[in-house]
Amino acid sequence: MDFKSSEQAVGPRSEDVLPTTATAAVKVVIVGGFGVGKTTLVGSVSEIRPLTTEETMTQAGVGVDDTQGVERKTSTTVAMDFGRISINEELVLYLFGTPGQERFWFLWRGLFEGALGAVVLVDTRRLEVSFDVIGRLEERGVPFVVAVNNFPDAPDHPLEELRSALDLPASVPIVLCDARQRGSSRDVLMTLMRYLQNLATTQEAS
Ligand SMILES: Nc1nc2c(ncn2[C@@H]2O[C@H](COP(=O)(O)OP(=O)(O)OP(=O)(O)O)[C@@H](O)[C@H]2O)c(=O)[nH]1
Ligand SMILES: [Mg+2]
């Protein structure tokens, strides 16, 4: 009998172990409408193998979910995505991706608990799905940045035009990204971290 292969599989991978230097952990949620790339972003940036709850899309969604622009999409998040990224030796972010399909939005309440901030992912082909999401964050008082995910056939609007279409205050950062690229997804998270830091400094000063 060959025990070697099973022995090798035992224990966490070195990249899964939390660095001993980590002193602060922050919860960040990744939100956005259906199929905007939330699972893709968590997967591209996470240093641990991301946990996802993807399920095959079924007939139940026909006529309910707007699949325009993402016709080739075959699976959807039903509970959440989970990933982790170390920003530096001390600071670790825990990422929680929400489900995009409206019928799973009741799960949002729990996912937002204890979150320091959020990233709203936006697909310019379907801006309207972002209105509700942004409204919900504003209601809950969760600070957020907006990341415009770069789909190839998406109309190319200047960011300031998108800001006014989304009715965002001038203070809310809005950036372009490609959720499939690790560096780009990481930049989005860094934008959020800088924004949260500025907010904290301004609040302290007032
Ligand atoms: N071209 C391009 N395609 C992308 C990008 N991000 C995601 N996709 C594709 O878009 C589809 C949807 O991505 P997901 O990450 O599943 O989107 P989601 O927001 O998690 O979707 P739900 O959980 O169903 O709401 C997938 O087929 C991705 O491969 C991107 O930046 N560019
Ligand atoms: Mg998803």
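Reply: Buried means under 20% relative accessible area, exposed over 50%, and partly exposed in between (1.4 Å probe, protein chains only). Helices (H or I, at least four residues) and strands (E, at least two) are DSSP runs, numbered from the N terminus.

Me: And the ground rules?

Reply: This is a predicted model, in which local features need pLDDT of at least 70 and side-chain atom pairs pLDDT 80 or more, while totals for chains, interfaces and linings use all residues. Residues are numbered from 1 along each chain, chains are lettered from A and ligands numbered from 1 as written, and side-chain values use heavy atoms, without hydrogens or water.

Me: How many residues of strand β4 are buried?

Reply: Six of the seven residues of β4, which spans residues 91–97, are buried, so this strand is largely enclosed by the rest of the structure.

Me: Which strand pairs with β4 in the parallel sense?

Reply: Strand β1 (residues 24–32) does, over seven bridges; two strands pair if DSSP finds at least two bridges between them. Lysine 27 has tyrosine 94 of β4 as its bridge partner.

Me: And how do β3 and β4 run?

Reply: They run antiparallel, joined by six bridges. Phenylalanine 82 stands opposite phenylalanine 96 in β4, and a hairpin of four residues connects β3 to β4.

Me: What about β6; which way do its residues point?

Reply: Phe144, Val146 and Val148 point one way, whereas Val145, Ala147 and Asn149 point the other way. Strand β6 covers residues 144–149, and six of its six residues are buried, so the rest of the structure largely encloses β6.

Me: Which strand does β6 pair with?

Reply: Its partner is β5 (residues 117–122), in the parallel sense and over five bridges. Valine 122 has valine 148 of β6 as its bridge partner.

Me: Changing topic: which residues are the protein donors of the magnesium ion?

Reply: Thr39 and Thr77 each use OG1, lying 2.0 Å from the magnesium ion, ligand 2. Threonine 39 belongs to helix α2 (residues 38–45) and threonine 77 to strand β3 (residues 75–86), so the pair ties together parts 38 residues apart in sequence. Donors here are N, O and S atoms within 2.8 Å of the metal (3.2 Å for Na, K and Ca), and sites may look incomplete because water is not among the atoms.

Me: Is threonine 77 buried or exposed?

Reply: Threonine 77 is buried, at 5% relative accessibility. Threonine 39, by contrast, is partly exposed, with a relative accessible area of 22%.

Me: Now ligand 1. How many residues surround it?

Reply: Ligand 1 is surrounded by 19 residues, the closest being Lys38, Thr39, Thr40, Thr76 and Asn149. A residue counts if one of its heavy atoms lies within 4 Å.

Me: Which side chains lie by its oxygen atoms?

Reply: Asparagine 149 has a polar side-chain atom 2.6 Å from an oxygen atom of ligand 1. For threonine 77 the distance from such an atom to a ligand 1 oxygen is 2.9 Å, and an N or O atom in the side chain of aspartate 178 is likewise 2.9 Å from an oxygen atom of ligand 1. The elements giving two or more residues to the shell around ligand 1 are α2 and β3, and α2 supplies the largest share, three residues.

Me: One last item: where does aspartate 167 lie?

Reply: Aspartate 167 is in the loop between α5 (159–165) and β7 (174–177). Aspartate 167 has a positive phi, near 55 degrees, and is exposed, with a relative accessible area of 65%. Most residues other than glycine have a negative phi.

Technical notes
Polar contact = N/O pair within 3.5 Å; in protein donor to acceptor, adjacent residues only side chain to side chain.
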